[in-house]
Amino acid sequence: MASNAHLLTPDPEIAALLAKMPSMPAVENPTIEEQRAYLHDSLLHWQERLPSESEYRIEDHLVPVDGGEIKVRCVIPTSSEHHDKGPLPLLVWYHGGGYCVGSSDLDDGFLRVVAVKTGVVVINVEYRLAPVFPFPTGVNDAYAALKWAAENATRLSASPSRGFIVAGLSAGGNFSASVAIRARDDPFFTGRQLTGQLLQNPHVLDTKAVPEQYKAVLLSMEEVKDGPYLTRKAMERVCDPSDPRYSVLLAANHSGLPPAYIQVAGLDPLRDEGILYAKVLRESDVKTKLDIYPGLPHGGHILFPGASLSAKVYQDFDTGLKWLLHGNA
């Protein structure tokens, strides 16, 4: 694999927007107020674009998990246009935030738009966060929510047979890839298997567990170690770096997984592992589509949703989701 250094040149429009922002808090320790302040433009962007309340309904449910319960927010399109063909596809979403921050509220507006625009039932998962709930709590919560979705599809006007997608950003992309592997091997999902995985800027390999054969191509964690926004320090986790539930690139077998659509930002410490994961999936005969955005920082499309490159990310998200639902045969 050739060097990806050409992807580092910052996108001029986003670089100018970054320059106008105050210093960002490190992703590992911002308060809720700081998160909302930095994501103000994104929250407002989607708030202004919400579909009519007559086009969907919201259901919040509690999912039993080990040691407690977690909330899932379900966005269910109600238009007859979407229901004419029967039950709707399912999409289970895991938010980003470095495993330790973030909430389902931050993607709420975006996911309402996705549900109505695409005609899918979206299940937005509020998993428990580290370090209060250390690994593997978060990914186990993600898996419990996935099983809940499969068991409760009918009550949500959905059916896995119409499409069953797992999706997420950053840490949520990690959870998506991890549960896809786990579900492949779980008899529970017989007859209701996942049909796709959508990974945005996924984290798939701990820096302390890089196999020798990949060291020459995994350069972005060093090249972009100081951000913007996501830093190498923020990715230092207190868990077993070689555990394949976390470092999913190290899984013994990637064959038999559902088709994958992966989005990778060029100015992102996670860039090269996302590109490598796409390569590994393809070599395992998994149908895989990859889009790369030169000069885009990690999460840049969320911070600056009005930028031209961000608009392309969201447009490609829609196209990639439709490809997973309808176009990869």
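Modeller: What follows is a short chat about this structure.
This is a predicted model, where local features need pLDDT of at least 70, side-chain atom pairs count only at pLDDT 80 or more, and totals for chains, interfaces and linings use all residues. Residues are numbered from 1 along each chain as its sequence is written, and side-chain values use heavy atoms, with hydrogens and water left out.

Biologist: Where does Ser 170 lie?

Modeller: Ser 170 is in the loop between strand S5 (164-169) and helix H7 (171-184). Helices (H or I, at least four residues) and strands (E, at least two) are DSSP runs, numbered from the N terminus.

Biologist: Buried or exposed, that Ser 170?

Modeller: Ser 170 counts as buried because its relative accessibility is 6%. Buried means under 20% relative accessible area, exposed over 50%, partly exposed in between (1.4 Å probe, protein chains only).

Biologist: Which side chain makes a polar contact with Ser 170?

Modeller: That of His 298, at 3.0 Å. A polar contact is a pair of N or O atoms within 3.5 Å; within protein, one must be able to donate a hydrogen and the other to accept it, and residues adjacent in sequence count only if both atoms are side-chain atoms.

Biologist: What else does Ser 170 touch?

Modeller: Not counting residues up to four places away in sequence, Ser 170 touches Gly 96, Gln 200, Asn 201, Pro 202, His 203, Leu 270 and His 298. Contact here means heavy atoms within 4.5 Å.

Biologist: Switching to the core. How many residues are in the largest nonpolar core?

Modeller: It has 43 residues. Tyr 94, Ile 123, Val 125, Leu 146 and Phe 164 have the most contacts inside it. A nonpolar core is a set of buried Ala, Val, Leu, Ile, Met, Phe, Trp, Tyr and Cys residues joined through side-chain atoms within 4.5 Å.

Biologist: Which elements give two or more residues to this core?

Modeller: Strand S1 (56-65), strand S2 (68-77), strand S3 (90-94), strand S4 (121-126), helix H6 (137-151), S5 and H7. H6 gives the most, with eight residues. A second, separate core has 34 residues, including Phe 110 and Trp 323.

Biologist: Back to Tyr 94. What is in contact with Tyr 94?

Modeller: Leaving aside neighbours within four places in sequence, its contacts include Tyr 127, Ala 142, Val 166, Gly 172 and Phe 175.

Biologist: Where is Tyr 127?

Modeller: Tyr 127 sits in the loop between S4 and H6. At 3% relative accessibility, Tyr 127 counts as buried. A polar atom of the Tyr 127 side chain lies 2.7 Å from the backbone oxygen of His 95. Other contacts of Tyr 127 include Gly 138, Asp 141 and Ala 171.

Biologist: And Glu 59, buried or exposed?

Modeller: Glu 59 is buried, with a relative accessible area of 18%. Its place is in strand S1. Its side chain makes a polar contact of 2.9 Å with that of Arg 57, and another of 2.8 Å with that of His 61.

Biologist: Now holes. How many cavities of 30 Å³ or more are there?

Modeller: Three. On a 1 Å grid over the protein atoms alone, a cavity is a set of points where a 1.4 Å probe fits but cannot get out, and a pocket is an open set with protein on both sides within 12 Å along at least five of seven lines; lining residues have an atom within 4 Å of a point. Grid points are joined across faces, edges and corners, and a volume is the space filled by probe spheres set on the points.

Biologist: What lines the second largest cavity?

Modeller: Among them are Trp 46, Trp 93, Asp 107, Phe 110 and Ile 302. The lining divides into seven nonpolar, three polar and one charged. Ala, Val, Leu, Ile, Met, Phe, Trp, Tyr, Cys and Pro count as nonpolar, Asp, Glu, Lys and Arg as charged, and the others, Gly among them, as polar.

Biologist: Last one. How much space lies in the second largest pocket?

Modeller: About 230 Å³. Its lining has three nonpolar, four polar and five charged residues. Helix H11 (308-327) is one of the elements that supply at least two residues, and H11 gives the most, with three.
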